[in-house]
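Please keep the sequence and the structure in view while reading.

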Amino acid sequence: SVPTTLNSGEMVSVQVTVKNQGTVKAGKFYIGLYLSSDSIITTGDTFLSDEYLSTLAAGAEESYTTSITLPKNTNGTYYVGAIVDTKGKITESDETNNTFAVGPITVGNGPDLVVTGLGVPSALASGQTVSVPVSVRNKGTGTAGKFYIGLYLSTDSTITTADTFLSQEYISSLAAGADES
């Protein structure tokens, strides 16, 4: 099991369950976890982690939780998959059922902050103090840590930090999909 939305570079816990469908105990083997752009999981996909199991009785099932870290700068739709016996050490009655994929999952690059509203009066006098309500939304897939919203005065509609700085508002954090006003 893998969350359906993840962030690039994020470490997450995943639960893996493996079953020995054969009639003989399986000795030492590895289960590899991979990130793939499609649901066909192979050792040629992006390796995430592996887990060593010392034995698994015939007909037995074992579950474990492990951590994977997604590669940085990954963005898009992917599958996370497991391959049992990645080193090919176990002779099995059926070698074609050793993969399993979960997905699609969305991998984003974390927070994405956008200003969604700004309440500025249409006319102001020089030196006048006014309250300016600002709304911001995190459209990204991860929580934004502490940040500032800066207000600037500009002679054109292109606002940059080179314009005249007026004030700023501190935000301690903003969850994915959340708004702050």
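The model is predicted: local features need pLDDT of at least 70, side-chain atom pairs count only at pLDDT 80 or more, and totals for chains, interfaces and linings use all residues. Residues are numbered from 1 along each chain as its sequence is written, and side-chain values use heavy atoms, with hydrogens and water left out.

- β1 runs parallel to β7 (residues 99–108), and three bridges join them; Asn 7 has Gly 108 in β7 as its bridge partner.

**Three-stranded sheet**
- A further open sheet has antiparallel pairing and the order β8-β9-β12, with β8 (113–118) and β12 (179–180) as edge strands.
- Five bridges connect β8 and β9 (residues 134–138), and Leu 113 stands opposite Asn 138 in β9.

**Ring contacts**
- The structure holds four aromatic pairs (ring centres of Phe, Tyr or the six-membered ring of Trp within 6.5 Å; planes under 30 degrees apart are stacked, over 60 edge-to-face, the rest tilted).
- One of them, Tyr 152 with Phe 165, is edge-to-face, at 5.5 Å centre to centre and 70 degrees between the planes.
- Tyr 152 lies in strand β10 (residues 147–153) and Phe 165 in strand β11 (residues 164–171), 13 residues apart.
- The charged end of Lys 87 sits over the ring of Tyr 30, 5.0 Å from its centre (NZ of Lys or CZ of Arg within 6 Å of the ring centre and within 35 degrees of the ring normal).

Methods. Two strands pair if DSSP finds at least two bridges between them. Helices (H or I, at least four residues) and strands (E, at least two) are DSSP runs, numbered from the N terminus.
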